[in-house]
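These notebook entries record what I looked up in one structure.

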Amino acid sequence: MALAFPLAAVFERKNRVLNRQFQYSIAVPNSGAAGTPLVIALGGTVMLFQAQLYAIVLSVLTYSWGIMQLIPSGKGGMKGAFRRLMNPVMGALLVGIGLGLMNGTAWIPSPILSLVDSLGN
């Protein structure tokens with residue numbers, strides 16, 4: 001995220017909307033994709049799982065910041081910012097975190113788990 005500001009300014013200085021799009025496109029996709037192959041090479045899938053658990057807070061922060069960059073700000077203060085953050089991706093993320101914390105695989109019916117697993121694959 002820190003590199004997104006100066007790098008976006010290299011690509012676009014005048015148009016604020018394009019500058020914010022560059023900030024998003026630099027920060028969000030590169031927050032996890034660049035390190036995943038390195039982590040797998042160094043420690044395998046076990047280390048990748050541990051690294052992803054460690055980085056989940058960073059991922060949520062980076063995604064939230066990115067969405068705030070893309071969606072134009074308006075009036076409404078904190079309520080308006082909350083509306084900008086509530087979108088299908090953030091909703092699915094919160095549901096997934098909630099199900100994980102409540103051990104969702106223990107009480108969700110197996111046909112639904114099978115369907116979600118197939119969709120994930």
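I took helices (H or I, at least four residues) and strands (E, at least two) as DSSP runs, numbered from the N terminus. The model is a predicted one, in which local features need pLDDT of at least 70 and side-chain atom pairs count only at pLDDT 80 or more, while totals for chains, interfaces and linings use all residues. Residues are numbered from 1 along each chain as its sequence is written, and side-chain values use heavy atoms, with hydrogens and water left out.

**Entry 1: the chain**

I looked up the elements and found 8 helices and 0 strands in the protein chain. From the N terminus on, they run α-α-α-α-α-α-α-α. I then checked burial (buried is under 20% relative accessible area, exposed over 50%, partly exposed in between, with a 1.4 Å probe and protein chains only). Of the 121 residues, 21% count as buried.

**Entry 2: the nonpolar core**

I searched for nonpolar cores, that is, sets of buried Ala, Val, Leu, Ile, Met, Phe, Trp, Tyr and Cys residues joined through side-chain atoms within 4.5 Å. The largest one has 5 residues, namely A4, A8, I26, A27 and W65. Helix 1 (4-11) and helix 2 each supply at least two residues of this core. Leaving aside neighbours within four places in sequence, I found A4 in contact with Q23, I26, A27 and W65.

I followed Q23 next, which is found in helix 2 (residues 16-27). Is Q23 buried or exposed? Q23 is buried, because its relative accessible area is 3%. With neighbours within four places again set aside, its contacts are A4, F5, A8, W65 and Q69.

**Entry 3: the aromatic pair**

I looked for ring pairs of Phe, Tyr and Trp (its six-membered ring), with centres within 6.5 Å; planes under 30 degrees apart count as stacked, over 60 as edge-to-face and the rest as tilted. The structure holds 1 aromatic pair. F11 and F22 form this stacked pair, at 5.2 Å centre to centre and 20° between the planes. F11 lies in helix 1 and F22 in helix 2, so the pair ties together parts that are 11 residues apart in sequence. F11 counts as exposed at 53% relative accessibility, and F22 counts as partly exposed at 28%.

**Entry 4: the nonpolar surface patch**

I recorded a nonpolar surface patch of about 960 Å², made by I56, V57, F82, M86, L94, I97, L101, M102 and W107. Helix 4 (36-70) and helix 6 (88-101) each supply at least two of its residues. Which helix gives the most to the patch? Helix 6 does, with 3 residues. L101 lies in helix 6 and counts as exposed because its relative accessibility is 73%. Like charges are joined within 9 Å, and nonpolar side chains (Val, Leu, Ile, Met, Phe, Trp, Tyr) within 5 Å.

**Entry 5: a backbone angle**

I noted that N103 has a positive phi of about 55° although it is not a glycine. Most residues other than glycine have a negative phi. N103 is found in the loop between helix 6 and helix 7 (104-107), and at 46% relative accessibility N103 counts as partly exposed.

Conventions:
Patch = residues over 30% accessible without salt bridge, like charges linked within 9 Å, V, L, I, M, F, W, Y side chains within 5 Å. Areas by Shrake-Rupley, 256 points an atom, 1.4 Å probe, with all protein chains shown as cover. Salt bridge = Lys/Arg side-chain N within 4 Å of Asp/Glu carboxyl O. Contact = heavy atoms within 4.5 Å.
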